[in-house]
Amino acid sequence: MAEHFPVLAVTGAASGIGAATARLAATANYRVAMLDLTAPANDALLRRNNTVFAECDVTSRESLRSALALIEETWGQGPDAVVHCAGIYQTSATEELDLELFARVQHINTTGTFLTAGVLGRSMLERGAGSLVLLSSIAFALGDEAEPGAAYAASKGAVVSMGRQLAAEWGPRGVRTNVVAPGVIDTPMTTIVDNAQAYGDLLATHPMRRLGTAEEVARVCLFLAGPGASFVNGAVIPVDGGQCIV
Ligand SMILES: NC(=O)c1ccc[n+]([C@@H]2O[C@H](COP(=O)([O-])OP(=O)(O)OC[C@H]3O[C@@H](n4cnc5c(N)ncnc54)[C@H](O)[C@@H]3O)[C@@H](O)[C@H]2O)c1
């Protein structure tokens, strides 16, 4: 009889941490649903028989429901675990009052998390088992003089609050929720590398003198998603090379 590996849904899977999580999971034989706005071009990952791409906008419940339907159609079940990486990083000085930017960041990062948890989490709740991993950032707790990120920091604080609340609400129903808070990671999202002064300052004071890699974050996400973390619920795990301790 064919062995059935867990089904993992990864949002934001076309780039950065989401792509690294999907790649690691696919190589570990998970059945992986990659959700994103558009599919990564020519990605060998999508040619594997244990991956599927679902075009999905995490700010739309209909879009998330279609992605869930595709997962169920492909593998005959909803996800056993969800790693929610979709998000944006945009900055603007608060005193400029760019309300549009503020609303966009909250919409994608906060509402997107609420809807992803609501649609995919519900599917796990219905089966009485599952694991939800949300991506916050050390920005939820650590101010940054180099970039005006109040909107982003607020959205990532919301992710932490949501994750801890869901851990309490859903833990008794078999679904664990944990939050990963990455430091500065080398992905297309990271803008500090374009500012030589700020980048130099960061590297000079960072305990590990380097940025993290997407795979280093992905490994923690996958650990939290899987059975190795069976008694971890409501945790907020920094993956920042110690940036928060200095
Ligand atoms: N890179 C870092 O330094 C860093 C640090 C802390 C936290 N994070 C968080 O980690 C997560 C992943 O970041 P990354 O660095 O991999 O970024 P990334 O920009 O490389 O990837 C983000 C992905 O999310 C997708 N996305 C954006 N809006 C979407 C939507 N509405 N629906 C579906 N998909 C959407 C994008 O298409 C993209 O593929 C984000 O939540 C980010 O805030 C990143």
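User: As what does Val220 count, judged by its relative accessibility?
Analyst: This is a predicted model, in which local features need pLDDT of at least 70 and side-chain atom pairs count only at pLDDT 80 or more, while totals for chains, interfaces and linings use all residues. Residues are numbered from 1 along each chain as its sequence is written, and side-chain values use heavy atoms, with hydrogens and water left out. Buried means under 20% relative accessible area, exposed over 50% and partly exposed in between, with a 1.4 Å probe and protein chains only. Because its relative accessibility is 22%, Val220 counts as partly exposed.

User: With which residues is Val220 in contact, leaving aside its neighbours within four places in sequence?
Analyst: Val220 belongs to helix H6, which covers residues 214-225; helices (H or I, at least four residues) and strands (E, at least two) are DSSP runs numbered from the N terminus. Contact means heavy atoms within 4.5 Å. With neighbours within four places in sequence set aside, the contacts of Val220 are Val180, Ile237 and Val239.

User: How far apart in space are Val220 and Asn178, C-alpha to C-alpha?
Analyst: Asn178 is one of the buried residues of E6, whereas Val220 lies in H6. In sequence the two are 42 residues apart, and from C-alpha to C-alpha their separation in space is 11 Å.

User: In what order do the strands of the open sheet lie?
Analyst: Strands of a sheet pair through backbone hydrogen bonds, either parallel or antiparallel, and here two strands pair if DSSP finds at least two bridges between them. This open sheet has 7 strands with parallel pairing, in the order E3-E2-E1-E4-E5-E6-E9.

User: Which residue stands opposite Arg176 in E6?
Analyst: E5 and E6 run parallel and are joined by 6 bridges. Within this pair, the residue that stands opposite Arg176 is Ser131.

User: How many of the residues of E6 are buried?
Analyst: In a regular strand the side chains alternate between the two faces of the sheet. Val175, Thr177, Val179 and Ala181 point one way from E6, while Arg176, Asn178, Val180 and Pro182 point the other way, and all are buried. E6 is therefore largely enclosed by the rest of the structure, the count of buried residues being 8 of the 8.

User: Over how many bridges do E4 and E5 pair?
Analyst: E5 is mostly covered, with 6 of its 6 residues buried. E4 and E5 pair in the parallel sense, and the number of bridges is 4.

User: How are H3 and H4 placed relative to each other?
Analyst: Two packed helices are described by the angle between their axes and the distance between the axes; axes are lines fitted to C-alpha atoms, for helices over the stretch in contact, and angles run from 0 to 180 degrees between N-to-C directions. The axes of helix H3 (residues 99-127) and helix H4 (residues 150-170) come within 9 Å and cross at roughly 20°. Angles under 35 degrees count as roughly parallel, over 145 as roughly antiparallel, 65 to 115 as roughly perpendicular and the rest as oblique. H3 and H4 are therefore roughly parallel.

User: At what angle do H2 and H3 pack?
Analyst: H2 and H3 are, by the angle between them, therefore roughly parallel to each other. Their axes are 9 Å apart, and the packing angle is about 30°.

User: Which residues of H2 and H3 make the contact?
Analyst: The residues of this contact divide into 5 nonpolar, 2 polar and 3 charged, where Ala, Val, Leu, Ile, Met, Phe, Trp, Tyr, Cys and Pro count as nonpolar, Asp, Glu, Lys and Arg as charged, and the others, Gly among them, as polar. H2 contributes Arg61, Leu64, Arg65, Leu68 and Glu72, and H3 contributes Leu115, Thr116, Val119, Leu120 and Ser123.

User: What is the phi of Leu97?
Analyst: Most residues other than glycine have a negative phi, and most peptide bonds are trans. Leu97 is placed in the loop between E4 and H3, and it counts as exposed because its relative accessibility is 73%. Although Leu97 is not a glycine, its phi is positive, at about 55°.
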